[in-house]
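Hello,

Here is the structure for you to look through. My notes on what was found follow below it.

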Amino acid sequence: MDKDLLYKIGLTFIDHVGHVTSKVLISYCGSAEAVFKEKKQNLLKIPDIGEVIAEAIVKQDILHLAEKEIKFIEQNNITPLFYLDKAYPLRLKQCADCPVILYYKGNANLESERVVAIVGTRNATEYGKKMCDALVEGLKDSGVLIVSGLAYGIDAASHKAALKFGVPTVGVVGHGLDSMYPSEHNSLAKKMLDNGGLLSDFPSETRLAPENFPKRNRIIAGLSDAVIVVESKAAGGAIITADIAFSYSREVFAVPGRSEDIYSQGCNKLIRQNKAGLIQSADDLLDSLGWKDTKKKKKPQVQLFQDLKPHEEAIVKVLQTQGAPMHIDDIAIQSNLSPGNLSTHLLTLEFAGILRSLPGKMYSL
């Protein structure tokens, strides 16, 4: 059994220790294993770690729960993604409250160059379902990954549209991967595994609870470049997701509707509050994000960059090696450039058409 993974998963079972606290503990102790082996008096010296949390860490016998979880994920071909792992989705990693551990089953690239979330009401109208179809069909040639929450209504419609048009799609669920809610979506979830996947930060046998879904929504928002709300009441899960995305500096869009339509109130409100851009088609989204003229663009080849300066060439090589969008901080680390120097070279490369800037301080060739 992977001892390192045992402690990483074990952290998530400690009472009173959430994702943010776990990261604080790891940063001070050095590793997940070191957290478990640290003395209580030393834990109490860590900021915001009081008597209750310190006692929970040293007294609780929870590693047997982590052992059970490791057996489950091994038996079911589930990949655990720790927030310090290279495979952990970089967009999500940039969010301060990102989960310490993700459980992923599927074949879609969570680091796809373009990720769009489509969310909305559980009581989707025929208009809403048609909009999902139209949006996904319009995005199918842009190399996009569609993310949603596998709930009734707009979520399910967006996943079904992705399957229909051959677009990879990932469902983020508010429970462990040992079950499916709603159960009626079992068949849909299985189909998504062929061209997409299922993602959760909850271990198996997690009790289904209302508070799980806002936690799920932050993952949907954090994974994405843009969040589209198709239909929603004035309040609800889709509005929560949009608000979280807005707080993460993600692009938020909403499909407008008639003022008297209850399932357009949320979309109209987001647009009125300038939290969301108004879109009526996939072209509107592609135009807003600058994606329209770069559909199916081939990755630049090394021979095209013969006139680059040494620092610029180093940046290009870093991005080529990664093969996916990178955050400016990670580019700085891997290219050994100071933030100020890096910004100058990034701007030069962007003006030259060699790379492009993406939402969330991300860059790609």
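**Aromatic pairs and charges**

Tyr7 and Phe36 are both buried, where buried means under 20% relative accessible area, exposed over 50%, and partly exposed in between, using a 1.4 Å probe and protein chains only. The model is predicted: local features need pLDDT of at least 70, side-chain atom pairs count only at pLDDT 80 or more, and totals for chains, interfaces and linings use all residues. Residues are numbered from 1 along each chain as its sequence is written, and side-chain values use heavy atoms, with hydrogens and water left out.

Rings of Phe, Tyr and Trp (its six-membered ring) pair if their centres lie within 6.5 Å; planes under 30 degrees apart count as stacked, over 60 as edge-to-face and the rest as tilted. By this rule there are 3 aromatic pairs. In one of them, the ring centres of Tyr7 and Phe36 are 5.4 Å apart and the planes are at 55°, so the pair is tilted. It links distant parts of the chain, with Tyr7 in helix H1 (residues 3-11) and Phe36 in helix H3, 29 residues apart. Helices (H or I, at least four residues) and strands (E, at least two) are DSSP runs, numbered from the N terminus.

The rings of Phe82 and Tyr83 have centres 5.0 Å apart and planes at 65°, so this pair is edge-to-face. Phe82 and Tyr83 are buried. The charged end of Lys23 sits over the ring of Tyr83, 5.6 Å from its centre; the criterion is NZ of Lys or CZ of Arg within 6 Å of the ring centre and within 35 degrees of the ring normal. Likewise, the charged end of Lys275 sits over the ring of Phe246, 6.0 Å from its centre.

**Helix H5**

Which residues of helix H5 (residues 51-59) are buried? They are Ile53, Ala54, Ala56 and Ile57. They lie on the same side of H5 because they cover an arc of only 160° around the axis, taken from the directions from the helix axis to the C-beta atoms. These buried residues pack against helices H2 (19-29), H3 (32-37) and H4 (40-43), contact meaning heavy atoms within 4.5 Å. The face turned away from the buried side carries the exposed residues Val52 and Lys59.

**The sheet**

An open sheet of 9 strands has the order S1-S2-S6-S5-S4-S3-S7-S8-S9, with mixed pairing; two strands pair if DSSP finds at least two bridges between them. Its edge strands, S1 (79-82) and S9 (277-278), each pair on one side only. Strands S2 (residues 101-106) and S6 (residues 196-200) run antiparallel and are joined by 4 bridges.

Regards
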